[in-house]
Amino acid sequence: MPAKQIRINAFDMNCVSHIQHGLWTHPRDRSTDYRDIAYWQDLARTAERGLLDGVFLADILGVYDVHGGGPEAAITNGVQIPVNDPLLVVPAMAAVTEHLGFGVTANLSYEPPYSFARRMSTLDHLTKGRIGWNIVTGYLDSAARGMGFTQQRDHDDRYDVADDYLDVVYKLWEASWDDDAVVRDRASGVYARADRVRAVRHHSRFHQLNAIHLCEPSPQRTPVLYQAGASTRGRAFAARHAECVFTYSPTTEATRAVVKDLRAQAVAQGREASDILVFAGRGIVVGRTTSEAREKYEEYRRYASVEGALAHTSATLGVDLAKYQLDEPIRYEKNNANNSMLEAITVRSREPWTLRKIIDQMTLGSRNAPLIGSAEEVADALQTFIDETDVDGFNLSRTVAPESLRDFVDLVVPILQERGAYKTAYAPGTLREKLFGEGRAKLPAAHRGAQVAAETRRALASAAE
């Protein structure tokens, strides 16, 4: 039986310190160049050289101000602050690559769907169909205050808004313009047929719309849909909408349970289990030998920031970890932050996590300990994890940039290829086709977006009669 083909994304963010906090201080690290286009183009070239499926760009609105009751720890350590817009670096990376996909995080809570739909269609055009959207609703009260609210919506209510938001953008992307609307006839002077373009309508408790989509149909129409919520409500949302799901469960058992539940819920929605690709987050330190990898890890470790990691983790959990004693179990307190992460270390964990256990995991300034080993050992570990959990691939967070990605591409990728577990060439087509197969540039019929589009087109046709 052939080995399962592993999917890989480079996981990054338009900031100095993303996941492994403090490593920007390492003398070989170049992440402080995040403000320069050349930095992102170099990343893209390396990722495409390694045949990675994509560069996935995280983002956050707001500042991590939970730990210690203020933003000082985050600001001092550069913990995702300052942070620039992730969408604006995509065209620069697309210009120097041909196949690499781009997943961009955008918060739907604070932008109307009408203008957002145009931004994503524009990126899909400029990348020739290589764009994906990581759907987030936010989890920071500091973001809500920045947007003029006193606090954010309740966690589960945000997903109700998101379900409705997706229906709006599906209508714009999929139903406003017919496939044959654009003719570009120079002789007649007709660029698009007006009878093939129409306003779509949406009236609900959350959104009101009566408008023509501003963009002509892009290669994918709807971008590939990514989602990272692993809470109970988040998994229900993912089963309905997501094509790629990211999970950061702390154990093999927890990851396996999340993947099994996601696929079961997708099937219950009328989709195929294979319609969802699941990526697990991983930090990797790899060397040509085990000893080389360990030496590199110990070198990196001297620059890691536990304070930065605690600032990040406190905000993610919605719990001020500074208030806990070292051996005091972390308690589940339902809040409006990242419920899936809090559930994972409390109610879904066989043994309660303590502050000491969390800190012990923060060896590289991250809440998850990295995978360390020779190229063969890393390849073994990745394949074993896939076999044990049924995930499809990994989001590789940077440690020291750019060498961590270069090390993976130069050392691990060739071994996975030799084992038949990794592609040796890109498939043709859009990002969706590269991920799911030729001829699937658009959403499959069982997807919620395709169903909304079909219903909208029928309603428009009926109204026109």
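This report describes cavities, salt bridges, a surface patch and backbone features of a predicted model.

The structure contains 2 cavities of 30 Å³ or more. The largest cavity holds about 90 Å³ of space. Its lining is made up of Pro 250, Thr 313, Leu 317, Met 341, Ile 345, Trp 353, Ile 358, Arg 367 and Asn 368. Two helices, helix 10 (306-317) and helix 11 (339-345), each contribute at least two residues to this lining. Sorted by class, the lining of the largest cavity comprises 6 nonpolar, 2 polar and 1 charged residues.

The second largest cavity holds about 30 Å³ of space. Val 16, Ser 17, His 18, Gln 20, Leu 23, Trp 24, Ser 31, Arg 398 and Thr 399 form its lining. By class, the residues around the second largest cavity are 3 nonpolar, 5 polar and 1 charged.

Side chains of opposite charge can pair when their charged atoms come close. Across the whole structure, a search finds 34 salt bridges.

Arg 233 and Asp 160 meet through their side chains in a salt bridge, with an N to O distance of 3.0 Å. Arg 233 belongs to helix 7 (residues 232-241) and Asp 160 to helix 6 (residues 155-175), so this pair ties together parts that are 73 residues apart in sequence. Arg 233 is buried, because its relative accessible area of 18% is under the 20% limit. Asp 160 has a relative accessible area of 30% and is therefore partly exposed.

A salt bridge also joins the side chains of Arg 240 and Asp 163, at 3.5 Å from N to O. Arg 240 is in helix 7 and Asp 163 is in helix 6, so the pair ties together parts that are 77 residues apart in sequence. With a relative accessible area of 25%, Arg 240 is partly exposed, whereas Asp 163 counts as buried at 11% relative accessibility.

Asp 65 forms a salt bridge with Arg 145, and the closest N and O atoms are 2.7 Å apart. This pair links distant parts of the chain: Asp 65 is in the loop between strand 2 and helix 2, Arg 145 is in helix 5 (residues 141-146), and the two are 80 residues apart. Both partners are partly exposed, Asp 65 at 22% relative accessibility and Arg 145 at 45%.

Leu 61 lies in the loop between strand 2 (54-58) and helix 2 (72-77). Together with Met 147 and Phe 149, Leu 61 forms a nonpolar patch on the surface, and the accessible area of the three residues is about 270 Å². Leu 61 itself has a relative accessible area of 33% and is partly exposed.

## Backbone geometry

Most residues other than glycine have a negative phi, and most peptide bonds are trans. Ile 81 and Pro 82 are joined by a cis peptide bond, with omega of about 0°. Pro 82 is located in the loop between helix 2 and helix 3 (90-94). The peptide bond from Ala 401 to Pro 402 is also cis, and its omega is near 5°. Pro 402 occupies the loop between strand 13 (393-397) and helix 14 (403-418).

Arg 184 is not a glycine, yet its phi is positive, near 50°. Arg 184 is placed in strand 5 (residues 182-185) and counts as partly exposed at 48% relative accessibility. Arg 221, likewise not a glycine, has a positive phi of about 60°. Arg 221 sits in the loop between strand 8 (208-211) and strand 9 (224-227), and at 5% relative accessibility Arg 221 counts as buried.

## An exposed loop residue

Gln 325 is found in the loop between helix 10 and helix 11. Gln 325 is exposed, because its relative accessible area of 57% is over the 50% limit. Between Gln 325 and Trp 173 the separation is 152 residues in sequence and 51 Å in space, taken from C-alpha to C-alpha.

Notes. Residues are numbered from 1 along each chain as its sequence is written. This is a predicted model: local features need pLDDT of at least 70, side-chain atom pairs count only at pLDDT 80 or more; totals for chains, interfaces and linings use all residues. Side-chain values use heavy atoms; hydrogens and water are left out. Patches are made of residues with over 30% relative accessible area and no salt bridge: like charges are joined within 9 Å, nonpolar side chains (Val, Leu, Ile, Met, Phe, Trp, Tyr) within 5 Å. Accessible areas come from the Shrake-Rupley method with a 1.4 Å probe; for residues, only the protein chains shown count as cover. A salt bridge is a side-chain nitrogen of Lys or Arg within 4 Å of a carboxyl oxygen of Asp or Glu. Helices (H or I, at least four residues) and strands (E, at least two) are DSSP runs, numbered from the N terminus. Buried means under 20% relative accessible area, exposed over 50%, partly exposed in between (1.4 Å probe, protein chains only). On a 1 Å grid over the protein atoms alone, a cavity is a set of points where a 1.4 Å probe fits but cannot get out, and a pocket is an open set with protein on both sides within 12 Å along at least five of seven lines; lining residues have an atom within 4 Å of a point. Grid points are joined across faces, edges and corners, and a volume is the space filled by probe spheres set on the points. Ala, Val, Leu, Ile, Met, Phe, Trp, Tyr, Cys and Pro count as nonpolar, Asp, Glu, Lys and Arg as charged, and the others, Gly among them, as polar.
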